[in-house]
Amino acid sequence: MGLIVNKPQTKVKFCDLLDQLKIARSPVARDISIHFGGPVEHARGFVLHSSDYKSSGTLRVDDNIGLTATRDVLEGLAKGAGPKISLLALGYSGWGPGQLEAEIKRNGWLTCEPKSEIVFGDANEEKWTKAMNVLGIDPITLSGTAGHA
């Protein structure tokens with residue numbers, strides 16, 4: 001599975017989501033950004049967050065990033081606790097068995113280690129270019145045709 005992190009939801013606000021889930025919000029609660037996570041299960045939420053937060057439902061992505069899809073992280077955020085940095089993705093992208101690996105083998109994807117400053121950065125329109133820069137690639141040099149050496 002994968003999450004899109006550069007497409008903010010403009011119609012959904014965190015406080016409205018908490019109201020819908022009947023989670024009380026304290027005055028010190030932070031407002032976190034909500035993104036379109038992908039085309040599968042739009043009603044399902046995933047909190048991508050800094051590694052300072054851990055619960056029994058947290059999946060470690062790397063040393064700096066975790067993923068929690070349980071209600072407890074939303075309750076923590078609503079109380080002003082929870083992870084220091086977070087992003088809520090509604091929906092996800094999914095692939096069948098072996099599909100993603102085959103796409104990568106056909107050069108359909110460029111991959112790199114996740115960078116917190118890119119994943120959680122405010123400039124959504126710049127995230128793709130910044131990720132390309134991590135790989136040392138100037139996007140203008142990309143071609144729609146792939147090959148193998």
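Which residues of α2 are buried? In this predicted model, the answer opens the first of the close-up views described below.

**View 1. The buried residues of helix α2 and their packing partners.** In α2, the buried residues are Val-73, Leu-74, Gly-76, Leu-77 and Ala-78, and these residues pack against α1 (14-20), β2, β4 and β5. The helix is followed by Gly-80, whose phi is positive, near 85 degrees.

**View 2. The salt bridge between Glu-75 and Arg-71 within helix α2.** The side chains of Glu-75 and Arg-71 meet at 2.9 Å, taken from N to O, and both residues belong to helix α2 (residues 71-78), where they are four residues apart, about one turn of the helix. Glu-75 is partly exposed, with a relative accessible area of 30%, and Arg-71 is likewise partly exposed, at 39%.

**View 3. The salt bridges of Asp-63 with Arg-60 and of Glu-126 with Lys-130.** The count of salt bridges in the model comes to three. Asp-63 and Arg-60 are joined through their side chains at 2.1 Å, N to O; Asp-63 is exposed, with a relative accessible area of 55%, and Arg-60 also counts as exposed, at 60% relative accessibility. In the salt bridge between Glu-126 and Lys-130, the side chains meet at 3.7 Å, N to O. Here Glu-126 counts as partly exposed at 37% relative accessibility, and Lys-130 is partly exposed with a relative accessible area of 38%.

**View 4. The aromatic pair of Phe-46 and Tyr-92.** The structure holds two aromatic pairs. In the pair made by Phe-46 and Tyr-92, the ring centres are 5.7 Å apart and the planes stand at 80 degrees, so the arrangement is edge-to-face; the cut-off behind this assignment is an angle over 60 degrees. The pair links distant parts of the chain, with Phe-46 in strand β2 (residues 40-50) and Tyr-92 in strand β5 (residues 86-92), 46 residues apart. Phe-46 is buried, with a relative accessible area of 4%, and Tyr-92 is buried as well, with a relative accessible area of 17%.

**View 5. The aromatic pair of Trp-95 and Trp-109.** Trp-95 and Trp-109 form an edge-to-face pair, 5.8 Å from centre to centre and with 75 degrees between the planes. Because Trp-95 lies in the loop between β5 and α3 (99-105) and Trp-109 in the loop between α3 and α4 (116-119), the pair ties together parts that are 14 residues apart in sequence. Trp-95 is partly exposed, with a relative accessible area of 25%, and Trp-109 is partly exposed too, with a relative accessible area of 39%.

View 6. When neighbours within four places in sequence are left aside, the contacts of His-35 include Ile-4, Val-5, Asn-6, Lys-7, Pro-8 and Gln-9, together with Leu-87, Leu-88, Ala-89 and Leu-90. Asn-124 and Lys-127 are also among the residues in contact with His-35.

View 7. Leu-87 counts as buried, at 2% relative accessibility. Leaving aside neighbours within four places in sequence, Leu-87 is in contact with residues including Val-5, Ser-33, His-35, Phe-46, Val-47 and Leu-48, and Val-119, Phe-120 and Lys-127 are also among its contacts. Leu-87 and Phe-120 are 33 residues apart in sequence, and their C-alpha atoms are 6.7 Å apart in space.

**View 8. The largest pocket and its lining.** About 1,400 Å³ of space lies in the largest pocket. The lining is made up of 37 residues, of which Leu-3, Trp-109, Leu-110, Thr-111 and Cys-112 lie nearest the centre of the pocket. By residue type, the lining divides into 24 nonpolar, nine polar and four charged. At least two residues of the lining come from each of β3 (58-60), β4 (65-68), α3, α4 and α5 (127-134), and α5 gives the most, with four residues.

How values were computed: Residues numbered from 1 in each chain as written. Predicted model: local features only at pLDDT ≥ 70, side-chain atom pairs only at ≥ 80, totals over all residues. Heavy atoms only, no water. Contact = heavy atoms within 4.5 Å. Salt bridge = Lys/Arg side-chain N within 4 Å of Asp/Glu carboxyl O. Buried < 20%, exposed > 50% of the residue type's maximum accessible area, 1.4 Å probe, protein only. Phe/Tyr/Trp six-rings, centres within 6.5 Å; stacked < 30°, edge-to-face > 60°. 1 Å grid on protein atoms, 1.4 Å probe; cavity = no way out; pocket = protein on both sides within 12 Å on 5 of 7 lines; lining within 4 Å. Points joined across faces, edges and corners; volume = space filled by probe spheres on them. Nonpolar A, V, L, I, M, F, W, Y, C, P; charged D, E, K, R; others polar.
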